[in-house]
Amino acid sequence: RTTWALYNFIVFGQDGYALDRVEYFNMLQSNSLGNFKDLIRAVTLHAAMGNFLDNNQNVANSPNENYARELMQLFTVGLVKLGQDGSILRDAQGKPLETYTQEDVIMATKALSGWEHSWEKGLPVTNNSNLKVPMRPRSWKQSHDSTQKVVLGVTIPAGQTIEKDLESLINILTTHANTAPFVSRRLIQSMVSSDPSPEYILRVSKVFK
């Protein structure tokens, strides 16, 4: 049930072969009762997700923003700022406050650049992305953007390895104030109640943290 709840918002589309969806679901199941950081790392490096949201095509000199945008919008912090009880935070005119900007998307894209599938010879066409094995860093160093990034107000220093940049980004997104209520609401909606009270979301958000 938890795996299916996660699949409902850390969603994988209809691209690729049937094996892509099976292996993606298996990955969610392996991580469904663990730490959310580990789950987001596994999702980010999964070959099927690399295909679906194009992060396997994201390199320093040819950035692809698709996965970075969805990682923030759908999987972690969401579009608008939230209180810990899931309430929408608004400006003086009553307009919802946006969680991130286009510049955040650009910076997250840089932090996620340089990954590729763990190719092997002799695999069948239905598994040509080597779906059981996480993506790996590309062999040419210039594929990863190692410049300084600032994501959601937090600086990722220049000169870090591709792995360290990924960990820095995951830490920023999973510990952001929005992530606990954003994720908690979706888990509650999938497993308990479609319209949870603010008090309920607040209690679960505290446990999530």
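**Labels and their grounds**

Guide: Glu23 counts as buried, with a relative accessibility of 9%. This is a predicted model, and the values that follow are computed from it.

Visitor: Why does Glu23 count as buried?

Guide: Buried means under 20% relative accessible area. Glu23 has 9% relative accessibility, so the label buried applies.

Visitor: What makes the pair of Lys132 and Glu23 a salt bridge?

Guide: The cut-off is 4 Å between a side-chain nitrogen of Lys or Arg and a carboxyl oxygen of Asp or Glu. The N to O distance for Lys132 and Glu23 is 2.8 Å, so the pair qualifies. The two residues belong to distant parts of the chain, 109 residues apart: Glu23 is in helix H2 (residues 18-31), and Lys132 is in the loop between strand E1 (115-116) and strand E2 (136-137).

Visitor: Is Lys132 counted as buried or exposed?

Guide: Exposed requires over 50%. Lys132 has 64% relative accessibility and therefore counts as exposed. The salt bridge of Lys132 and Glu23 thus has an exposed partner, Lys132, and a buried partner, Glu23.

Visitor: How do you know that Asp38, Arg41 and Glu167 belong to one network?

Guide: Salt bridges that share partners join them. Arg41 meets Asp38 at 2.9 Å, N to O, and Arg41 also meets Glu167, with the closest N and O atoms 2.7 Å apart. Both distances are within 4 Å, so both pairs are salt bridges.

Visitor: Where in the chain do the partners of Arg41 lie?

Guide: Asp38 is in helix H3 (residues 36-45) along with Arg41, 3 residues away, about one turn of the helix. Glu167 is in helix H7 (residues 162-175), so its pairing with Arg41 ties together parts 126 residues apart in sequence.

Visitor: Why does Asn56 count as buried, and what does its side chain touch?

Guide: Asn56 has 12% relative accessibility, which is under 20%, so it is buried. Asn56 sits in the loop between helix H4 (47-52) and helix H5 (66-75). Its side chain makes a polar contact with the side chain of Asn51 at 3.4 Å, against a limit of 3.5 Å. Leaving aside neighbours within four places in sequence, the contacts of Asn56 include Trp115, His117 and Arg138.

Visitor: How do you know that the chain agrees with a compact globule?

Guide: With 209 residues, a compact globule would have a radius of gyration near 17 Å, and the chain has 17 Å, so the values agree. Buried residues make up 45% of the chain.

Note on methods. Residues are numbered from 1 along each chain as its sequence is written. This is a predicted model: local features need pLDDT of at least 70, side-chain atom pairs count only at pLDDT 80 or more; totals for chains, interfaces and linings use all residues. Side-chain values use heavy atoms; hydrogens and water are left out. Helices (H or I, at least four residues) and strands (E, at least two) are DSSP runs, numbered from the N terminus. Buried means under 20% relative accessible area, exposed over 50%, partly exposed in between (1.4 Å probe, protein chains only). A polar contact is a pair of N or O atoms within 3.5 Å; within protein, one must be able to donate a hydrogen and the other to accept it, and residues adjacent in sequence count only if both atoms are side-chain atoms. Contact means heavy atoms within 4.5 Å. The radius of gyration is taken over C-alpha atoms; the globule rule is 2.2 Å times the number of residues to the power 0.38.
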